[in-house]
Amino acid sequence: MRVTIVGCSGSYPGPHSPASCYLVEAEGVDEAGEPRTWRILLDLGSGAIGTLHRFADPLAIDGVFLSHLHADHCLDLCGYYVLRKYHPTGHQPRIPVWGPDGTAERMARSYDLPPSPGMTEEFDFRTYPAGPGAMVEFGPFRVEAVPVVHPVPAYSLRVEAAGRLLVYTGDCGPCDGLERAAQGADLLLAEAAFCEGEDNPEDLHLTGRDVGELAVKAGADRLVLTHVPPWHDPEVAYDEARAVWDGPLALARTGDVHEV
């Protein structure tokens, strides 16, 4: 798998990056058994659809997996809807979009569309299967959505392909679901929106130290910190994680490519 950081700014687009969006690519085959590259997006937050053009043709995306329905993780589905509906080559085929229950209705409201058809002529909205170990199998990918704590229904995503495991925390506070999701990650892509020592609300976000401790418990191979809001210095999150994690560590930056 290859992970390209499209957007990594927390809470809203920052001066150097749009909000959360990660392009994941893996080799597989088409319906005829011919080899091809499959491409999925993990989240499509504010400002991300424009930046995506730098790294992939948006019409070559096969599917979208949303961690939750806060604007910095899903709102650019509105722009993607326009692109697919009004592209000069014609109305594009529907592609699947997985997310929490109510995603189709939320996205229709976001663009002031009637609930029916909303965006359902452009996107095939699907909910994640429930239960531990329940998987979405899509091309070469196997994706498990693990419920985690956040003010709205939210998931950490375990993405497997070719025997390798990418774990994306999405947004969440420390919880049992997060620890289970992170187990055995070859690459742990983890949000670090909070700083240690501040009066942080519970069940909302992680600190760099939280993420470092999570990587240790999970036996992760590599750790990448993301979703640092523009009002914080990413180096603080890095230093907090480094204090408890001695493995490979990086800050997410738009355009970086990580092999899994």
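Biologist: Which residue does Asp-124 meet in a salt bridge?
Modeller: First, please keep in mind that this is a predicted model. A salt bridge here needs a side-chain nitrogen of Lys or Arg within 4 Å of a carboxyl oxygen of Asp or Glu. At 2.8 Å from N to O, the side chain of Asp-124 has such a partner, and the residue is Arg-126.

Biologist: Is Arg-126 buried, partly exposed or exposed?
Modeller: Buried means under 20% relative accessible area, and exposed means over 50%. The relative accessibility of Arg-126 is 35%, so this residue counts as partly exposed.

Biologist: How far apart in sequence are the parts tied together by Glu-160 and Arg-142?
Modeller: The side chains of Glu-160 and Arg-142 meet in a salt bridge, 3.6 Å from N to O. Glu-160 belongs to strand β9 (residues 154-161) and Arg-142 to strand β8 (residues 141-148), so the pair links parts that are apart in sequence by 18 residues.

Biologist: What else joins β8 to β9, and how many such links are there?
Modeller: These two strands run antiparallel. One example of their pairing is Val-143, whose bridge partner in β9 is Val-159. As for what joins β8 to β9, the answer is bridges, and the count is seven.

Biologist: Which strands stand at the edges of the open sheet?
Modeller: Seven strands form this sheet, in the order β7-β8-β9-β10-β11-β12-β13, with mixed pairing. An edge strand has a single partner strand, so one of its sides is left without a neighbour in the sheet; the strands placed like this are β7 (136-138) and β13 (249-251).

Biologist: Which helices are tied together by Lys-217 and Glu-179?
Modeller: Lys-217 forms a salt bridge with Glu-179, with the closest N and O atoms 3.3 Å apart. Lys-217 lies in residues 208-218 and Glu-179 in residues 176-182, so the pair ties together parts 38 residues apart in sequence: helix α6 and helix α5.

Biologist: Is Lys-217 buried or exposed?
Modeller: The cut-off for exposed is over 50% relative accessible area. Lys-217 has 53% relative accessibility, so this residue counts as exposed.

Biologist: What is the phi of Ser-11?
Modeller: Ser-11 is found in the loop between β1 (2-7) and β2 (21-29). Although Ser-11 is not a glycine, its phi is positive, at about 75°.

Biologist: Which residues lie nearest the centre of the largest pocket?
Modeller: This pocket holds about 320 Å³ of space. Its lining divides into nine nonpolar residues, eight polar and one charged. Out of 18 lining residues, those nearest the centre are Cys-8, His-16, Ser-17, Val-228 and Pro-234.

Technical notes. Residues numbered from 1 in each chain as written. Predicted model: local features only at pLDDT ≥ 70, side-chain atom pairs only at ≥ 80, totals over all residues. Heavy atoms only, no water. 1 Å grid on protein atoms, 1.4 Å probe; cavity = no way out; pocket = protein on both sides within 12 Å on 5 of 7 lines; lining within 4 Å. Points joined across faces, edges and corners; volume = space filled by probe spheres on them. Nonpolar A, V, L, I, M, F, W, Y, C, P; charged D, E, K, R; others polar. Buried < 20%, exposed > 50% of the residue type's maximum accessible area, 1.4 Å probe, protein only. Helix = DSSP H or I, 4+ residues; strand = E, 2+ residues; numbered from the N terminus. Pairing = 2+ DSSP bridges.
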